[in-house]
Structure formats: structure tokens, C-alpha cells
Amino acid sequence: MPTSTQVAVGPLAHAGSVMDGAQLMAANPYRPWEARITSITPLTENEKLFEFRLIDERIRDAFHHEPGQFVEVSIFGVGEAPISISSSPSKSGFIELCVRRMGEFTTRLHEMQCGDIVGLRGPYGRPFPFDDMRGHDVLLVAGGLGIAPLRSLINNIHDERSDFGNVTIIYGSKNPREVMFREQFEMWRHRKDFDLYLTVDHPDDTWDGEVGLVTAPFAHLDVDPRNTFGAICGPPVMYRFVVEEMRKKGIPYDRIYMSFERHMKCGMGKCGHCQVGHQYCCIDGPVFNYWEAKNIQGSM
Ligand SMILES: Cc1cc2nc3c(=O)[nH]c(=O)nc-3n(C[C@H](O)[C@H](O)[C@H](O)COP(=O)(O)OP(=O)(O)OC[C@H]3O[C@@H](n4cnc5c(N)ncnc54)[C@H](O)[C@@H]3O)c2cc1C
Ligand code: FES
């Protein structure tokens, strides 16, 4: 009989065998694993950054994600929602999720406290091509909550900075109250190896940064098109205009990557809920290059 630390579950389980974390997760991919909230940082009026630690040490050790992937978070008795992982894979043992309060699920998550327990399964989805980006310049453009998945990529690049060329970050928000991760941006602003442009549509008296749409800083950008990858995440309306600016700079379409949100259920290509045309956003995406994204109805 397995003891409490020797759980044998599903088809891979054999009497007397003890599975490691990866085998446990593979044995039942639908199973959410308990995770404790270990830190909560309010970012704006409607967004909070949560840090979670998986409780089972074997699952925690086996959990590896790549920038652009997401997890399914469950609150017992409420439901489940896909949320992008916002922390860098180079930091192990915990993951950070940046959550906007929208409806019932996210409101309940916002009401939770440090020490409370949720379920986590994943990571799922196709990530940004981090290894292909090595050795190249990277131009990252985020609008609003789109900074959540891009932050994972930015932090991963930061942790392996010498592997990349010029790194430019453009982050646009509606107004100064909605700018997230201000301290982190302040830190990047003072570094010489990141070019950072923060912009808001509607400034107030506290704002001394750029004003205008997220496409405005492109006017000052000096891009080497043969050597640059683009990464975009933001509200649907943003993609077409940002892609257009990247194309004007000569970045090839197959090096422009973007992350999409579609309504999802299983997160692993089983239920068809996220299907658009012949693509399943949960496994063929959420990160697509321009050519792939063009075939997703209503995206471009
Ligand atoms: C791959 C992926 C990654 C995501 N990453 C994040 C993240 O990092 N942070 C975050 O806060 N949210 C993220 N989301 C969105 C999040 O899953 C939804 O906001 C959440 O499911 C809403 O649940 P709710 O019960 O609070 O709101 P609901 O009551 O379900 O919805 C409130 C409103 O939001 C709309 N809505 C809900 N889900 C979506 C969606 N996926 N796309 C567009 N509109 C939607 C509904 O139509 C409704 O108008 C992600 C979604 C996907 C598919
Ligand atoms: S969410 Fe089920 S197939 Fe994509």
C-alpha cells in the first residue's frame, strides 16, 4: 500500500511502485495539485500578483514551465480558469500569477489570503521560442494585462541577459493608475542593457513618461530587422497595429510572435472549447507566429 508520501494513481501506478513527480502528473493530467498562496502583492485597483507553492515536494520539483505557458487554477467549489505564468522559469520552487478581477472566479481569488489553498494543473500551451531568440535582439510589446505573460519572458531574458542582443520593452496602459510592476520597470529603466518605453493613453499630473498608444515609441526605434524577434501580448485591438509597426521596421512575419487568450476549459486539447478553425489555442498556442495567427478568425 502506498503511504501518504507514496501516492500511486492511474494507469502508471503499479502495486508497490513509487512514482516521481513527473510520473504522478502524467498519470492523471486532469488532476489539480494543491498549491498554497505564499504572497499577494496588490498591483493596481483590479490586479494582484499571487505567488503559489505546490505543496507536494515531488510535484514542485517536477514542475517546469517556459515563458508564455499557462496553468489552470481551481478554487474548490467555484471553478477553474486559465492564467498565464508571470514568473521566470529560472526561478524554481514557486510560480507567480498576475490576476485581474473580472467575474466570479477571479473575484474569489482576489478575496483569498496568504496560506489559502488552490488547485493547479499544467503547465500548458506552446511557449515563446526562447531558445530561438537567443543571440538575437528582442522587441517586446505589452498592452495592459498583456504584461503578465510577457513578464515571464522579460525576466527570463534578464536572468540570461548575456545570451541576447538589444532588448527593447514597450509597455502601454490606459492611464497611470493601471501601470503594473512599477518598481520592476523603475529597475529596468536604470539598466543600460534594456531600452524601456512606458506609455499611457490618458496621463494625469503624476505622469512624466510618454503619452500615446503603444505604437507611438516605434517612431524612435532603431531596429535591425535581420536580427530581431518581436513578441506581443495585449488586448485584441492592439495586435494588428503593433504587427504593422514591426513590419514597417522590416521584422519578418515568422519572427513576430503573439500570445492570444481564448475561452478554454480542459487546457490540453481534449474538449475543443478553444478551437478556432483547425487550431486548438490551448495546445497550438497560446503563442503563435504571425502566419499562424492570421488564420485564427478575428485575431488579425
Ligand atoms: C491562455 C490564457 C491565459 C490567461 N492569462 C490570464 C492572466 O495572466 N491573468 C488574468 O487575469 N487572466 C488571464 N486569462 C483570462 C482569465 O482566464 C479569465 O479572465 C477568467 O477565466 C475569468 O473568470 P471569471 O469567472 O473571473 O470571469 P467570467 O465571469 O468568466 O468573465 C468575466 C468577463 O470576462 C470575459 N472573459 C472571461 N474569460 C475570458 C477570456 N479568456 N478571454 C476574453 N474574455 C474573457 C467574459 O466573457 C466576461 O465578459 C487568461 C486566459 C487564457 C485563455
Ligand atoms: S481548452 Fe479544451 S481543447 Fe483547448
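A residue is called buried when its relative accessible area is under 20%, exposed when it is over 50%, and partly exposed in between, using a 1.4 Å probe and protein chains only. By that rule arginine 161, with a relative accessible area of 13%, is buried. This is a predicted model, in which local features need pLDDT of at least 70 and side-chain atom pairs count only at pLDDT 80 or more, while totals for chains, interfaces and linings use all residues. Residues are numbered from 1 along each chain as its sequence is written, and side-chain values use heavy atoms, with hydrogens and water left out.

**Domains and their interface**

- The chain is divided into domain 1 (32-124) and domain 2 (130-259), with bounds that come from an automatic or database domain assignment, and 24 Å separate the two centres, taken over C-alpha atoms.
- Contact, meaning heavy atoms within 4.5 Å, joins 18 residues of domain 1 to 16 residues of domain 2.
- The area buried between the domains is about 1,300 Å², of which carbon and sulfur atoms give 56%; buried area here is the accessible area (1.4 Å probe) that two parts lose on being put together, summed over both.
- On the side of domain 1, Pro67, Ser86 and Arg100 lose the most area to domain 2, together 32% of what that side buries.

**Salt bridges**

- A salt bridge is a side-chain nitrogen of Lys or Arg within 4 Å of a carboxyl oxygen of Asp or Glu; the structure holds 14 of them, and two are counted between domain 1 and domain 2.
- Arginine 151 forms a salt bridge with glutamate 96, and their closest N and O atoms are 2.9 Å apart.
- Arginine 161 and aspartate 193 meet through their side chains in a salt bridge (3.6 Å, N to O); arginine 161 lies in the loop between H5 and E8 and aspartate 193 in the loop between helix H6 (182-189) and strand E9 (195-200), so the pair ties together parts that are 32 residues apart in sequence.
- Helices (H or I, at least four residues) and strands (E, at least two) are DSSP runs, numbered from the N terminus.
- Aspartate 193 is partly exposed, with a relative accessible area of 26%.
- Arginine 134 and aspartate 163 also form a salt bridge (2.5 Å, N to O), and Asp131, Arg134, Glu160 and Asp163 are linked in a network of salt bridges.

**Serine 259**

- Serine 259 lies in strand E12 (residues 256-259) and is buried, with a relative accessible area of 6%.
- Leaving aside neighbours within four places in sequence, serine 259 is in contact with residues including Phe128, Ile232 and Pro286.

How values were computed: Chains lettered and ligands numbered in written order.
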